[in-house]
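Here is a quick tour of one fold, taken a piece at a time. Have the viewer open and follow along.

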Amino acid sequence: MGDAFDCIVGQPQVREFLRATTANDRISHAYLFAGPAGSNKTQAAYAFAQAILCPKGAKGPRGGRCGACDACDKVMRRKHPDVRYFAPEGANGYLIEQMREMVTDASMAPIQAKKKVYIIDRVDQLGTSAANAFLKTLEEPPGNVVFILLGRTCDGVLPTILSRCQVVPFRHIPASEAAGIVAQNTGASLLHARIAIEACGGSISRAIEFLAAGSARMEFRKRVLDTLERLRHCEDWDVVGMAADLIKAANFPLDAARQQFEQELAQNQDFLAKSALRQLEARQKRQITAKSSECMRQLTSIIRSWIRDVMMICSGCSDLVINQDVLPALQAAAQRATLPSALCALRAVDECEASIAYNVSPEACIDALLFKVKEVIS
């Protein structure tokens, strides 16, 4: 039988380290999961949280993932009240208010479990002021609190934060290996697995979710690629309308998430205090914001994969094209593009993502990106 850590694909050393840590009950108060994008850090953090909070314990059935208890189910669905996820909410990274909220919350007793787990994503965006608001709690946290920080490199993390964490390094997963992992977990072909990985910015866990969603996400991808193909025939006002349509399609999963949150609030209104309900509502708003950012990243990742393929054709490397199902359209675009101009478009994708991360209007960012792509292929 598997355990909570089976989902940490492509990271065998991390998997065994976390297994041994929980089995021997040697859980530290703070960890830094350091590795490149797509190395499965977030999935590993939730798996670790599940093993920590499971009431059956590490020595129970399936080593911390009994598979039958309410706690395991809630952590798997990312609905457990004692597992809190934080991501930067400010234009330049984390806000001081976010850290103060975390510090206040950490001082309170767990709601359902014996411990509380805080997952802090993109900790490289934790500036000095915000870090100072969090530092004392990180250094001397309550005994029932575990912090899991996620970052791409140790160098990007403030030394005062780094020195207080146990570092868990994550390796880069080669593209061929990542595609094999996704194919094995979904039953998809290697081609579809590679397409899903590209559409999800290199993330294996998101690629698995992408394919598990059935035809909905693949249809969205096709819509984005069709839009890119039609760009060169469009007037400027048409481009603006196409950008709005893509954003609406990208955010479609948010409707289901909002409905689910409303149901959760309604179910808890009768037995939770007003302060607890406000905390629940605030957490739900953060989750919607994070989901919206993920939807935008998926949109820009699909556009990036299309531009990359145009560059491969311009370079005479058609065998490296990933979006093989739209190869004729890519070849037509490559006939009008040059390698330097396509590279400019690729940089525009990076600028678009950075602007969205800094709370610039997604509509304005996608507008500018589509105009840049249109310029390249016209």
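Let's start with a helix pair. Helix α10 (residues 215-230) and helix α11 (residues 236-250) pack at an angle of about 170°, and their axes lie 11 Å apart. That angle makes α10 roughly antiparallel to α11, because anything over 145 degrees falls in that class. Keep in mind throughout that this is a predicted model.

Which residues make the contact between α10 and α11? From α10 come Arg 217, Phe 220, Arg 223, Val 224, Thr 227 and Arg 230, and they meet Met 242, Asp 245, Leu 246, Ala 249 and Ala 250 of α11. Sorted by class, that contact has six nonpolar, one polar and four charged residues.

The axes of α15 (residues 339-357) and α16 (residues 362-377) come within 9 Å and cross at roughly 180°. So α15 is roughly antiparallel to α16. On the α15 side, the contact includes Ser 341, Ala 342, Ala 345, Ala 348 and Val 349, along with Cys 352, Ser 355 and Ile 356. Their counterparts in α16 are Pro 362, Cys 365, Ile 366, Leu 369, Lys 372 and Val 376. By class, the contact of α15 with α16 has eleven nonpolar, two polar and one charged residues.

Here are the two pairs together:

| α10 and α11 | about 170° | 11 Å apart | six nonpolar, one polar, four charged |

Five strands form an open sheet in the order β2-β3-β4-β1-β5, with parallel pairing. Its edge strands are β2 (83-86) and β5 (166-169), each of which pairs on one side only. On average, neighbouring strands of the sheet are turned by 20° against each other, ignoring direction.

Five bridges join β1 to β4 (residues 145-151), and the two strands run parallel. Along this pairing, Ala 30 stands opposite Phe 147 in β4, while Ala 34 stands opposite Gly 151. With β5, strand β1 pairs in the parallel sense over four bridges, and there Tyr 31 has Gln 166 as its bridge partner.

Is β1 mostly covered or uncovered? Mostly covered: five of its five residues are buried. Ala 30, Leu 32 and Ala 34 are buried on one side, and Tyr 31 and Phe 33 are buried on the other.

Helix α1 (residues 12-23) lies across β1 and β5, running at about 145° to β5. Helix α4 (residues 96-106) packs on the sheet too, touching β2, β3 (116-120) and β4, and its direction makes about 165° with that of β3.

Helix α4 has two distinct sides. Its buried residues are Gln 98, Met 99, Met 102, Asp 105 and Ala 106. These cover an arc of only 125° around the axis, so they sit on the same side of α4. Glu 97 and Arg 100 are exposed on the other side.

Why does Gln 98 count as buried? Because its relative accessibility is 3%, and the cut-off for buried is under 20%. Leaving aside residues up to four places away in sequence, Gln 98 touches Phe 86, Ala 87, Pro 88, Glu 89, Gly 90 and Gly 93.

Conventions. Residues are numbered from 1 along each chain as its sequence is written. This is a predicted model: local features need pLDDT of at least 70, side-chain atom pairs count only at pLDDT 80 or more; totals for chains, interfaces and linings use all residues. Side-chain values use heavy atoms; hydrogens and water are left out. Two strands pair if DSSP finds at least two bridges between them. Axes are lines fitted to C-alpha atoms, for helices over the stretch in contact, and angles run from 0 to 180 degrees between N-to-C directions. Contact means heavy atoms within 4.5 Å. Angles under 35 degrees count as roughly parallel, over 145 as roughly antiparallel, 65 to 115 as roughly perpendicular and the rest as oblique. Ala, Val, Leu, Ile, Met, Phe, Trp, Tyr, Cys and Pro count as nonpolar, Asp, Glu, Lys and Arg as charged, and the others, Gly among them, as polar. Buried means under 20% relative accessible area, exposed over 50%, partly exposed in between (1.4 Å probe, protein chains only). The arc is that of the directions from the helix axis to the C-beta atoms.
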